[in-house]
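The sequence and structure are shown first.

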Amino acid sequence: MKISSFKWLFGRNSEFWPTNMKTGMLAWVGHRLSGLVLVAYVFLHLSFISTASMAEDGADFNALMETTSQPLFVAMDFLLVIVVIYHAMNGLRVVLFDLGVGIRRQKLVFWVTMAIAAVLIVGGLLAIWHLVFPAGGA
Amino acid sequence: MAEQRIATSKVAGTWAWAFQRLSAVLLIVFLALHLLAAHFIGVGEETGEEPLITFDEVSVRLDQMLYIVVDIGMLSMVLLHGLNGLRTVMFDFDMFVKRKKLIDVALWVVGMATLIWGVVILLPFITGG
């Protein structure tokens with residue numbers, strides 16, 4: 001397959017070029033990209049848990065949990081939180097439209113769900129902060 | 001070019017569409033519970049003050065049938081939703097629509113294998129600790 005046959009997907013004149021997309025299309029592309037990331041994450045998640053099978057007393061699992069509580073991994077957890085919340089809130093918007101709710105005001109519904117997503121993401125950040133720096137600690 | 005993508009909205013099927021919506025709503029609820037249980041509720045009570053997940057602590061929880069059932073149920077739901085979503089994305093491409101049967105079989109095999117793997121990797125927590 002030639003690269004040029006993907007021009008409809010990647011070209012500057014493509015309907016998928018970010019500045020060529022309208023609200024609904026942007027939400028749709030974002031939903032698919034975030035969905036693919038989350039499918040990949042499920043397999044990563046299981047592979048991390050599988051370390052429990054490596055040593056009799058779960059030493060490898062404990063060591064990995066220690067590692068994943070380091071700042072780099074916690075930062076990646078926050079990125080995961082952003083992706084999950086976007087996918088969940090945009091998915092809720094899709095479900096609402098399929099139920100016939102809000103289609104006439106689809107742009108407003110998109111930005112309302114994104115506002116809720118933003119609030120939840122801030123909540124996620126605060127929750128992660130609380131885990132990393134427990135009250136009284138820090 | 002639009003003509004390179006054919007009308008695929010009906011390829012995935014009505015049941016897959018309906019299931020995707022139902023599982024989406026359920027997953028929002030169960031993912032919230034999963035995160036609360038894993039990181040915020042009662043973590044560190046059994047083993048110390050650190051909010052760190054440990055093998056012993058997970059083992060204590062997986063002695064309870066409720067945790068085992070919810071974990072395996074959630075993994076089943078996640079795999080069905082995730083792989084069905086992947087299937088929907090693939091069927092927007094002509095080259096995958098042409099091989100619909102093969103892709104459906106392959107995704108079921110991957111899903112079932114991953115579910116079995118998921119149960120196997122939980123066993124150390126259930127039997128040990």
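## Contact between the chains

In this predicted model, the contact draws 24 residues from chain A and 23 residues from chain B. On the side of chain A that touches chain B, at least two residues come from each of α2 (23-49), α3 (59-67) and α4 (71-98) of chain A. The most is given by α2(A), with eight residues.

By class, the residues of the side of chain A that touches chain B comprise 14 nonpolar, seven polar and three charged.

## Architecture of chain A

Chain A has five helices and zero strands, and from the N terminus on its elements follow the order α-α-α-α-α. Its radius of gyration is 20 Å, whereas the globule rule gives 14 Å for 138 residues; chain A is therefore more spread out than a compact globule. Along the principal axes, the C-alpha atoms of chain A fill a box of roughly 55 × 45 × 30 Å.

Of the 138 residues of chain A, 13% count as buried. Among the contacts in chain A between residues at least 6 apart in sequence, 60% join residues at least 24 apart.

## Trp111 of chain A

Trp111(A) lies in helix α5 (residues 106-132) of chain A.

Leu26(A) is 85 residues from Trp111(A) in sequence, while their C-alpha atoms are 12 Å apart in space.

## Helix packing in chain B

Two packed helices are described by the angle between their axes and the distance between the axes. In chain B, helix α3 (residues 65-90) and helix α5 (residues 100-127) pack at an angle of about 155°, with their axes 10 Å apart. Because angles over 145 degrees count as roughly antiparallel, α3(B) is roughly antiparallel to α5(B). The crossing in which α3(B) passes α5(B) is right-handed.

On α3(B), the residues making this contact include Ile68(B), Ile72(B), Leu75(B), Leu79(B), Leu83(B) and Met90(B), together with Asp71(B) and Arg87(B). On α5(B), Ile103(B), Leu107(B), Val110(B), Gly111(B), Thr114(B), Gly118(B), Leu122(B) and Ile126(B) are among the residues that take part. By class, the contact of α3(B) with α5(B) has 14 nonpolar, four polar and two charged residues.

How values were computed: Residues are numbered from 1 along each chain as its sequence is written. Chains are lettered from A and ligands numbered from 1 in the order in which they are written. This is a predicted model: local features need pLDDT of at least 70, side-chain atom pairs count only at pLDDT 80 or more; totals for chains, interfaces and linings use all residues. Axes are lines fitted to C-alpha atoms, for helices over the stretch in contact, and angles run from 0 to 180 degrees between N-to-C directions. Helices (H or I, at least four residues) and strands (E, at least two) are DSSP runs, numbered from the N terminus. Angles under 35 degrees count as roughly parallel, over 145 as roughly antiparallel, 65 to 115 as roughly perpendicular and the rest as oblique. A crossing is left-handed if the near helix is turned anticlockwise from the far one by less than a right angle, and right-handed if clockwise. Two residues are in contact if their C-beta atoms, placed from the backbone, lie within 7 Å. Ala, Val, Leu, Ile, Met, Phe, Trp, Tyr, Cys and Pro count as nonpolar, Asp, Glu, Lys and Arg as charged, and the others, Gly among them, as polar. The radius of gyration is taken over C-alpha atoms; the globule rule is 2.2 Å times the number of residues to the power 0.38. A residue is buried if 20 or more other C-beta atoms lie within 10 Å of its own, exposed if 12 or fewer, and partly exposed in between; C-beta atoms are placed from the backbone.
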